[in-house]
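Please read the following report beside the sequence and the structure.

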Amino acid sequence: MTENSRKQTCDDIADSLQKIRSDHPLIHNITNYVVMNFTANALLALGASPVMAHAPEEVEEMTGLASALVINIGTLSSPWVASMRKALEAARKRQIPIVLDPVGAGATKFRTDTALSFLERATVTVLRGNASEILALAGESGKTKGVDSARTTSEARLSAAKLAARYGITVAVTGAVDFITDGAREAEIANGHPLMGRITGTGCSASAITGAFCAAAPDAFRAAAGALVVFGIAGEIAGQSAPGPGTFQPLLLDALYTLGEEAIRNRTRLRLS
Amino acid sequence: MTENSRKQTCDDIADSLQKIRSDHPLIHNITNYVVMNFTANALLALGASPVMAHAPEEVEEMTGLASALVINIGTLSSPWVASMRKALEAARKRQIPIVLDPVGAGATKFRTDTALSFLERATVTVLRGNASEILALAGESGKTKGVDSARTTSEARLSAAKLAARYGITVAVTGAVDFITDGAREAEIANGHPLMGRITGTGCSASAITGAFCAAAPDAFRAAAGALVVFGIAGEIAGQSAPGPGTFQPLLLDALYTLGEEAIRNRTRLRLS
Amino acid sequence: MTENSRKQTCDDIADSLQKIRSDHPLIHNITNYVVMNFTANALLALGASPVMAHAPEEVEEMTGLASALVINIGTLSSPWVASMRKALEAARKRQIPIVLDPVGAGATKFRTDTALSFLERATVTVLRGNASEILALAGESGKTKGVDSARTTSEARLSAAKLAARYGITVAVTGAVDFITDGAREAEIANGHPLMGRITGTGCSASAITGAFCAAAPDAFRAAAGALVVFGIAGEIAGQSAPGPGTFQPLLLDALYTLGEEAIRNRTRLRLS
């Protein structure tokens, strides 16, 4: 990346963040019980306005108010899957961005099948998962250990490219180094901190934040990259002063709230190709 | 308010807080998934004893043990609404205080209708919502943005008075300045901190804490005022040292745990009329 | 305990902790909504790999991947009880350790009956509850106040022994002083901090951590003792610098993450008999 294109990229990310902070886009999340609180707080810290709603009576109406839909299958069950379908269909009709987080795909058939059925029927905008989940969805053995990845993102590059091509979507694989592709473009992001893997819900929050960035920027590939850069930088800032994962979590939210243009300019570690 | 009546009000609030801390009243919450943890921790920090139970098999029995019932529709669904009805009926029979938090009323018909049906059938003691929710329940356009308010509390004064008169209840509208009315009396509370709007569950916790104060003081109007003063002061104390919403949350719980008579005497910003 | 046997015990606990940190055993939790996030974070901080899954379509498959199963009835409902039964059966067949946390047993008949039915049908390894819950399950009046204990652990010693004998299990009663028995052996643990009772989910996390220690050590009695010593020490370390329950929670997670052999050697307050 030339110095100019790097500057442009950082400016774009800062602009999207600014837009989220001024517009407070409503992000409709149907997500898992474990991370609902942290996800809502991550979106609020970023500047977005989160809402969680899963009842069949209201999901379509709530999606109808939202600027993006984030579907996360971390504690899925049949009634919730039915509501997710309704919300996905409502989002598709309104053409708002859809982020799918296939938590635990590869660990159980129910999760793999559910995630694949969403990819096949809906117009997902961004699929964000860890390496094991992306491998599993591409038909490779991901060896998903519960909801944790047993693989590195580089092992999932081909699978990500395959899924991007098959469904015409952007695929983001997160890990020590994140990998994003929309079939035509590729990005690698080296931002982040090891403690992000020692609290629950960082992947889920990355997906939710990707939803907020998609609401602020029309190009899903760039939106996903911006989200992961900002989240990774927030992790780095939190990691500078956190002695462990407990204090890391509130400091990560503080960093999402305070980080600005300068941190983005100085810390972004993004390689586009 | 004269200096004497102000002193009396602060003493009353401190007495209620002391009573909660010595009696540990059991507060039965049927609330939303997003805020359950924070709500339980807020009640524990205050000195109350929280319990969450929603199964039709046990809600009546659990309400039968409680000193107050708090109903919150933040992630409602039909089975939960049915359990809420059972708990409301059990609370009505035992004549324990009932607090209703109509999260997202105005955003979807399901939420508005559910909240109204609870107001119509049960003997709610305190209705606590944001301005958009209170406007929506009074039949005005609240323009609820998901679960966030698009209106100021002063815009909802008439609606609050209307609901207080219609249902014979106390209505508390929270925001930058809180407004409380029971039809005959009105209170304005200017305590609080802007970061309270940047973490999820502060409104929900305010409702739960109102339940604890109702268990400690027979006058619902004064109980609601005491709860919002104490919660607002806790927010101010937390806001003094929190650089962002992440660290603000644990500091708010610490302040609920430590704040005493002196903070109440020095910081209460309550106007009665 | 002689100086030598004390040293041996501390070494065993440190070895189990080290094994958890190197093996990252997958712990399958079917637990309550209130504490899911904190439980997952406690397991992650300790070094284990948590997963939450409750759908009938996948519980058996998920239990099939796990090194221990932790069942917690804190917000139970009939569909969840059915899934818990499936998971218990899968765990029994695979002979992986099972920890049961009977949250609120004694408060409602539904909870008491459910917990007893699990004890009767499954091969529970460790039952971990507060004094009220253990008394209630042994048929005594536990006077459970919602989910909080109204009794001290010493009042529940006989009940614990009775349950240990009846079901051939290890019973751990936690409180200011923890009491553990497997019928033949008894242990008392005086580690811990009063603030552990002022945040929600410490009991639930103690159960989950017991699951992780059971995955690391074959002797359930010793595993339970190790888990409660380590969790208690983490509480003591957190309590040294936390001014209240809000900051205590992240500091407790930090301590679980950082505490090592030296803290175990210096702080363990365990009496075996």
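A:Asp178 lies in strand E7 (residues 178-181) of chain A, where strands (E, at least two residues) and helices (H or I, at least four) are DSSP runs numbered from the N terminus. This is a predicted model, in which local features need pLDDT of at least 70 and side-chain atom pairs count only at pLDDT 80 or more, while totals for chains, interfaces and linings use all residues. Residues are numbered from 1 along each chain as its sequence is written, chains are lettered from A and ligands numbered from 1 in the order in which they are written, and side-chain values use heavy atoms, with hydrogens and water left out.

A:Asp178 is buried yet has no salt bridge, and the nearest side chain of opposite charge, that of A:Arg128, is 7.1 Å away. Here buried means under 20% relative accessible area, exposed over 50% and partly exposed in between, with a 1.4 Å probe and protein chains only; a salt bridge is a side-chain nitrogen of Lys or Arg within 4 Å of a carboxyl oxygen of Asp or Glu. The side chain of A:Asp178 does reach the backbone nitrogen of A:Gly175, at 3.0 Å. Not counting residues up to four places away in sequence, A:Asp178 touches A:Val173, A:Ala187, A:Glu188, A:Ile189 and A:Leu228, contact meaning heavy atoms within 4.5 Å.

In chain A, 9 strands form an open sheet with mixed pairing, in the order E2-E1-E3-E4-E5-E6-E7-E8-E9; two strands pair if DSSP finds at least two bridges between them. Its edge strands are E2 (49-52) and E9 (270-272), each of which pairs on one side only. Strand E8 (residues 186-189) of chain A is joined to E9(A) by 3 bridges, and the two run antiparallel; within this pairing, A:Glu188 has A:Arg271 as its bridge partner in E9(A).

| Helix (chain A) | Strands touched | Angle |
|---|---|---|
| H2 (residues 36-46) | E1 (26-30), E2 | about 155° with E2(A) |
| H4 (residues 78-94) | E1, E3 (68-72), E4 (98-101) | about 155° with E3(A) |

In chain B, B:Ala263 is placed in helix H11 (residues 261-267) and counts as buried because its relative accessibility is 18%. Its C-alpha atom is separated by 7.5 Å from that of B:Ile233, 30 residues apart along the chain.

How values were computed:
Lys, Arg positive; Asp, Glu negative; His and termini not counted. Polar contact = N/O pair within 3.5 Å; in protein donor to acceptor, adjacent residues only side chain to side chain. Axes fitted to C-alpha atoms, helices over the stretch in contact; angles between N-to-C directions.
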